[in-house]
Amino acid sequence: MNERRSRRSGGRSGNMRDQSAHAIQQMPWRVPLNTDHPTEPLRPEGVAAIHDAAMRVLEEIGIEFLNAEARDYLRAGGCEVTGETVRMDRALVMEKVALAPRQFDIIPRNPARRVTMGGGHMAFVNVSSPPNAMDLDRGRRVGDFASFQDLVKLTQYFNCLHVVGGYPVEPVDIHASVRHLDCLFAKLTLTDKVVHAYSLGPERVEDVIEMARIASGLGQAEFESAPRLFTNINSSSPLKHDWPMLDGAMRFARRGQPVIVTPFTLAGAMAPVTMAGAVVQSVAEALAAIVLLQIVRPGTPVMIGTFTSNVDMRSGAPAFGTPEYVRATQMTGQMARFYGLPLRASNACASNAPDAQAMWESMNSLWSAAQAGVNLVYHAAGWLEGGLIASYEKFVMDCEVLQQFQRYFDPALTDTSPEALAVEAMAEVGPRGHFFGSSHTQSRYTTAFYAPFLSDWRNYEAWAEDGALQADQRANRIWKAILAEFDPPPMDDAIRDELADFVARRKREGGAPTDF
């Protein structure tokens, strides 16, 4: 027994020593392809019922568009406009939605990092927009630019993350008038992946699109000839789209840049308490904005987003990773396929710490995304407290899980070639041997199974002797090691200088107007 323990501990300790040259050994960059059949809780008549109900909302109740320019587009496109309320015929809705591409690529400044939206492709995005950061050393604190940069670096480092979403934490130590300039400069220079930009006013949108163009090294026409960055807008549920989101979405559409429309529908609060009703409202709100964008520029790349969950009816607090959340995501996946639109969802949880609750709620969210055929998973790494915290440790813990999903979708696991079926290997070993020493195993053992960077598979004694660190404590060590060795991706000096000059000029001009 002692000899077995020694071999087990020594072998795994040896594996850990082999990785000491870098913070971790991770899987290579790859956007997973989900080839599984989606989970479809709705029968065909259920899909038809949700579609009909969503069309009734658009035809009979209408959606408020708090943007006069958007209403002008919609009126000219054949919608009925009464005050701020817009109603649209279902035939018009289906005609316009059909103009959107089923699949499209977004090409960042490094074309090797392009990401495909649609089909079975499943890309992951870092946590976006929390006002607070947290780690085991400093605790929960208001977001600042140093934490923002740390989390952007982690996003670049991890190959399982494909898109740099909105601010991974809000840097409130930078004035709002120029915050977008510093933040996008950091994202464009510290990463070479696809970036997201907020739709928060004309000046900010025009600035960030121009910054992305400069970083690409392309002229205006070539830059706008393909998707290069994207924005996400949220409806103000129930049944309303606000001015700045619509303004930004239209600006992106006019430049041929993708827009994700994601209603934030919490059942029992901003949406009906039934999940079917909440999905109906979410679909109606999303389609209304998608119709607008197809009127503004036919063929604009768009995605339908789902952020439908429930609230705790005792406190009113949002709940995520719940059975209701899982079903709503799966149901919305069916509706996205019905409309022929790529789908966005999230890795959300309500836990206040990087603990067991955080991970089981996140696993529910991630599995629902995989089962629903989601193409872009927002907040995939680092989300806590219902989106109010960006956690360094949770970021690392989530990336361990994301790598496991990437491995789960690896075609090698379902390979049925003669070599994979291994009949000859079974004949070689026979009933009295073992497979450890077989040629079949020896030629494959280094890549046969998933190798974690965070999980600790040692026995109890070895784990205890090494400090008995739990997952969040091990994650704490890892993010520190990653930041210590981080090296930003290359950028042409002339492009970086042009980008810095643009930021400096816009700061001198005052950036975006604010009322404070």
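Predicted model: local features only at pLDDT ≥ 70, side-chain atom pairs only at ≥ 80, totals over all residues.

Select Phe252 and show everything around it. Leaving aside neighbours within four places in sequence, Phe252 is in contact (heavy atoms within 4.5 Å) with Ala197, Ser199, Val205, Ile209, Leu229, Phe230, Thr231, Gln257, Pro258 and Val259. Phe252 itself belongs to helix 9, residues 243-254; helices here are DSSP runs of H or I with at least four residues, strands are E runs of at least two, and both are numbered from the N terminus. With 0% relative accessibility, Phe252 counts as buried, where buried means under 20% relative accessible area, exposed over 50% and partly exposed in between, using a 1.4 Å probe and protein chains only.

Residues are numbered from 1 along each chain as its sequence is written, and side-chain values use heavy atoms, with hydrogens and water left out.

Next, pick Ser237. You'll find Ser237 in the loop between strand 11 (231-233) and strand 12 (240-241). Is this serine, Ser237, buried or exposed? Ser237 is buried, at 14% relative accessibility. Which side chain does the side chain of Ser237 join in a polar contact? Look for Glu285, at 2.8 Å; a polar contact is a pair of N or O atoms within 3.5 Å, and within protein one must be able to donate a hydrogen and the other to accept it, with residues adjacent in sequence counting only if both atoms are side-chain atoms. A polar atom of the Ser237 side chain also lies 3.4 Å from the backbone oxygen of Phe264. Beyond four places in sequence, Ser237 is in contact with Pro263, Phe264, Thr265, Met270, Gln281 and Glu285.

Now jump to Arg344, in strand 18 (residues 343-346). Arg344 is a charged residue type, yet Arg344 is buried, with a relative accessible area of 3%. Its side chain makes a polar contact of 3.1 Å with the side chain of Asn232. Not counting residues up to four places away in sequence, Arg344 touches a list of residues including Ile260, Thr262, Met303, Phe307, Val374, Tyr378 and His379.

On to the cysteines. Select Cys349, which is buried at 0% relative accessibility. The closest cysteine sulfur to that of Cys349 is in Cys399, 14 Å away, so the pair is too far apart for a bond. A disulfide is a pair of cysteine sulfur atoms within 2.5 Å, and by this rule the count is 0. Cys79 is buried as well, at 7% relative accessibility.

Last stop: helix 18. Start with Asn476, which lies in helix 18 and is buried at 8% relative accessibility. Now bring up helix 5 (residues 145-157) beside helix 18 (residues 471-485): their axes come within 10 Å and cross at roughly 85°. That makes helix 5 roughly perpendicular to helix 18, a label for angles of 65 to 115 degrees. Where they meet, show Asp150, Lys153, Leu154 and Tyr157 from helix 5 with Trp479, Ile482, Leu483 and Glu485 from helix 18. Colour these residues by type and you get 5 nonpolar, no polar and 3 charged.

Definitions and conventions. Axes fitted to C-alpha atoms, helices over the stretch in contact; angles between N-to-C directions. Parallel < 35°, antiparallel > 145°, perpendicular 65-115°, else oblique.
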